[in-house]
Amino acid sequence: MWKWSLSVGKEIKPLRGPREGGTLVTIRGENLGLDFREIQDNVKVAQVDCTPIREGYIPAEQIVCEMGKAEKSQYTGNAEVCVGVGECRPEFMAKSSKNYYFVIPRIINLKPSRGPVSGGTIVNITGSHLDAGSNVSIMFKDQPCTYLRRGGQWLTCRTHASLNGFGNVSVSVNIDRAHLQKDLRFEYVEDPTITRIEPEWSIYSGYTPVTVTGTNLDIIQTPLIRAKYNNHETLNLCQVLGPTTMLCQAPELSISLARQQEVPERPDEFGFKLDDVMALMALNNSNFIYYPNPEFEPLSVSGVLELKPGSPIILKGRNFLPPTNTGNGKLNYTVFIGEKPCMLTVSETQLLCESPNLTGRHKVLARVGGIEFSPGVVHIMSDSPLSSTAIIGIAAAGALLILFIVVVLIAYKRKSRESDLTLKRLQMQMDNLESRVALECKEAFAELQTDIHELTSDLDGAGIPFLDYRTYTMRVLFPGIEEHPVLRDLEVPGYRQEQVEKGLKLFGQLINNKVFLLCFIRTLEAQRGFSMRDRGNVASLIMTVLQSKLEYATDVLKHLLSDLIDRNLESKNHPKLLLRRTESVAEKMLTNWFTFLLYKFLKECAGEPLFSLFCAIKQQMEKGPIDSITGEARYSLSEDKLIRQQIDYKTLVLNCIHPENEKSPEIQVKALNCDTISQVKEKILDAIYKNVPHSHRLKASDMDLEWRQGRGQRVILQDEDVTTKIEGDWKRLNMLFHYQVPDNAVMALVPKQVTAYNSVNNSTVSRTSASKYENMIKYTGSPDSLRSRTPMITPDLESGVKVWHLVKNHEHGDQKEGDRGSKMVSEIYLTRLLATKGTLQKFVDDLFETIFSTAHRGSALPLAIKYMFDFLDEQADKHSIHDPHVRHTWKSNCLPLRFWVNVIKNPQFVFDIHKSSITDACLSVVAQTFMDSCSTSEHRLGKDSPSNKLLYAKDIPSYKSWVERYYSDIGKMQAISDQDMNAYLAEQSRMHVNEFNSMSSLSEIYSYVEKYTEEIVCSLEEDEAARKQRLAFKLEQVVAFMSLES
């Protein structure tokens, strides 16, 4: 029974080849037939016919066959041999255990890509599957490159001399029948030449440096220098330094020691072995000569030389300086005493060695060229003239002296240590200050240049959420009161309703009586208990009643202002103080009068630059960190609200899902990794509801921030949870980087739940104070009290822990140095005020230019402004006040400081927006600049002046010129007749006739009548005009109707 198998030691070679075929595959095994005919057509390798070759066949043991061409679909398979003549029977079929693979060899690169035209360059070709197949040939255009060896990714060959001279030739590789070609080029370069050798001498042992100059030396891979003497060739290495230079070590001259003479010898041949460049093997014009080797004599007969310390060592011998044609040649000698080299002086027969500072026995070793010789050992004796006792005494005295010096140094060191530490500390502070100042100034300049365009482009086209007329007037007239009675129907018990309404109608008739109203107001103002708050309240209530009769309200206002001017001048107060404060009903009525009549102007003209300024401030502030506890910010116009330390932060882009439509596209929101969760919620709501009035939005306090991490994982982020960090008695609010939120994270606002997923262990925890600090910086009090908006840091009453965000409150005594920085260093951050001011300058200029201009983008100057300014000029003429500064101040106190400053500081009176603490602080700086621009007094500024005045010091003179031009232009305009003004006022009354409930307003005013009934009745009885109209009696009728006893 015949069996074929591949047992241990048997093989198929090679196991890989190209698809094109031609590979000679050697199969070794057992029982591979006894005659070539039995296997002649019965061999397949990887399902491809493999034609056996008779010359390679060894009966029963080995088959050599040539592979045919494989199809593209064939990749691998084993070898199959069927033994027998005719049809193959399965029992005579055998298969190999190893597979044969078809591969695609490729060539990628070759190195070097240049070589001499004479050949001899070893070229390395890189690629893939280069070890496949059985036969390799490399062609450089029409001539072969002798194959040397190969691996899977490389093969090497040796170039022949170029048949076509120098130039580029194509390179191709044949592996069996596979022809590999890529755009590889090899350049035959002109053979190197040698033009100079320096020096042209050496010694018999060689290894002296020789500098060779020539051309194309860098194309030789392994240059060698050679010498031939008496048919014996010696070689040494050269190092190529560049195309024209190489450094060689001279080869030795093969002269036997017995034949060495005292005369120079010339080699039979001297040249260079540079690949196959035969022209330089023996240089015809070489004068290279070899001199006898230096010879050393022993140091002494015994081989040991006794010396004293410092004595020189003299090495004697001959031939130390070869007698070259250009004078004595210099050889590089190195002499070691032990392991230390010594300084040498060389003469013809001596080497003078300066002994190193050593004692004891040391071997002497001399090296020159290829020679290394030891002439013996030196014994350097320690020769001391002192006795051992003297040496001990000197040592003891020296030790005592050193001890004394150490004690003195320690004492001095202790005294100077404090001053040194102080000096170092100051130096470090100065270095830090310098670097921080430089960084801040650089950042400020960069921000100033880049932010202006961003703000301008972002604000274009944004909708302006104006409040309706009623809400606007209520916020100015009754700040801080959301549901005022004047907006509701009168609430009285049903059995008294008819009686009360009669009384209020009668009271309304009295209010519409000019004599009564003036007497009523004057009497109230004369009462001690009638506070400033009451004066403002009465003025606002009267204006709500007279909203439908603005002609009458204007007449009353003019009388009250005339009386106020008379009283001011009679009391000998400075005229400039008129209308400076709200100390009378008239002054508050004047504010309310402008509030009613400038609404249209605000909506059509001044509202746009005011809203742009608000948005610009808000956007600029939110570009940098804002402390949610203290309200301080990196970007600010207010020194009090400026973060005076470096806060490292990074801007993140969050992909936010619309809370009311999860299927809508995600909205990209920019946030900072140092933002608290509440701040992030506010920014997301601002982006989602970009043009939606604030009152129509979802509230951040009603929403939870949910981070969706993929694979259904959702984490609720909170300002405080069980992961909040507590250090000592300080607890820090959670920020985005606390949760390690990455860029492009997906966020969603979801309705607030009773419990939330804890971000650490996914268990539910009670959220009793989930947004404890969420609304901390929101303002809910009276808008008039703007200066008291800084949130307080209050410790938790249960645990005594104080909460902080970016900056710990500096008022706490346990503040660590460096949390806010020293005063000296923190002042450098004031440059940020200047950068922020520069960024917002355009918006401030636009607002001021709009307000202080008589032509407003197509809108005419409101009649109310011209009418009131003319009235003030009339009053000045009446009292013979011709000082232009006084007239200027009256107008400034009347309109800009009474109306515009209030609107600039409180844009929420005009727009449906939310104003944060930092925005309020910046608006206050702008409002102060506005006030300074309207002043006629000169402000002398110095280094101790407030930063907000220094900030706009250069701009205020320009603004003042705008104000003066504005007042001058208004004065030159044609006067408004009473008839035209009354028609305008009647139209305004008609447009807003039903905005307020007059009955409720009269009821509120009547509360003051109840309080001061006797005083008002007395005043009416004393006034002659009131007596004629029996106004006191009519008031008593009102009181009778309104009293509970009636």
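Visitor: What is the angle about the S-S bond in the link of Cys-238 and Cys-248?

Guide: The angle is 110°, and the link of Cys-238 and Cys-248 is right-handed. Cys-238 belongs to strand β21 (residues 232-242) and Cys-248 to strand β22 (residues 245-249), so this pair ties together parts 10 residues apart in sequence. Strands (E, at least two residues) and helices (H or I, at least four) are DSSP runs, numbered from the N terminus.

Visitor: On what basis are such features reported?

Guide: This is a predicted model, in which local features need pLDDT of at least 70 and side-chain atom pairs count only at pLDDT 80 or more, while totals for chains, interfaces and linings use all residues. Residues are numbered from 1 along each chain as its sequence is written, and side-chain values use heavy atoms, leaving out hydrogens and water.

Visitor: How many disulfides does the count come to?

Guide: The count comes to 4 disulfides, a disulfide being a pair of cysteine sulfur atoms within 2.5 Å. One of them joins Cys-342 to Cys-353, with an S to S distance of 1.9 Å. The torsion about the S-S bond of Cys-342 and Cys-353 is about -135°, so that disulfide is left-handed.

Visitor: Is Cys-353 buried or exposed?

Guide: Cys-353 counts as buried at 1% relative accessibility, and Cys-342 counts as buried at 11%. Buried means under 20% relative accessible area, exposed over 50%, and partly exposed in between (1.4 Å probe, protein chains only).

Visitor: Turning to aromatics, how many aromatic pairs does a search of the whole structure find?

Guide: The search finds 33 aromatic pairs. Rings of Phe, Tyr and Trp (its six-membered ring) pair if their centres lie within 6.5 Å; planes under 30 degrees apart count as stacked, over 60 as edge-to-face and the rest as tilted. For Tyr-469 and Phe-596, the ring centres are 6.2 Å apart and the planes at 40°, so the pair is tilted. Tyr-469 is in helix α3 (residues 469-477) and Phe-596 in helix α8 (residues 585-597), so the pair ties together parts 127 residues apart in sequence.

Visitor: How far apart are the ring centres of Phe-601 and Trp-900?

Guide: The centres are 5.9 Å apart and the planes of Phe-601 and Trp-900 stand at 70°, so the pair is edge-to-face. The pair links distant parts of the chain, with Phe-601 in helix α9 (residues 599-622) and Trp-900 in helix α15 (residues 896-905), 299 residues apart. Phe-601 and Trp-900 are both buried.

Visitor: Which residues have the most contacts inside the largest nonpolar core?

Guide: They are Phe-507, Trp-593, Phe-594 and Trp-900, in a core of 133 residues. The largest share of this core, 13 residues, comes from α9. A nonpolar core is a set of buried Ala, Val, Leu, Ile, Met, Phe, Trp, Tyr and Cys residues joined through side-chain atoms within 4.5 Å.

Visitor: What does Trp-900 touch?

Guide: Not counting residues up to four places away in sequence, Trp-900 touches residues including Ala-606, Ile-851 and Phe-930, where contact means heavy atoms within 4.5 Å.

Visitor: And the sheet: in what order do the 5 strands stand?

Guide: The order is β26-β35-β34-β30-β31, in an open sheet with mixed pairing. The edge strands, β26 (304-307) and β31 (340-341), each pair on one side only. Two strands pair if DSSP finds at least two bridges between them. Strands β34 (residues 360-368) and β35 (residues 371-380) run antiparallel and are joined by 8 bridges. Arg-361 stands opposite His-379 in β35.
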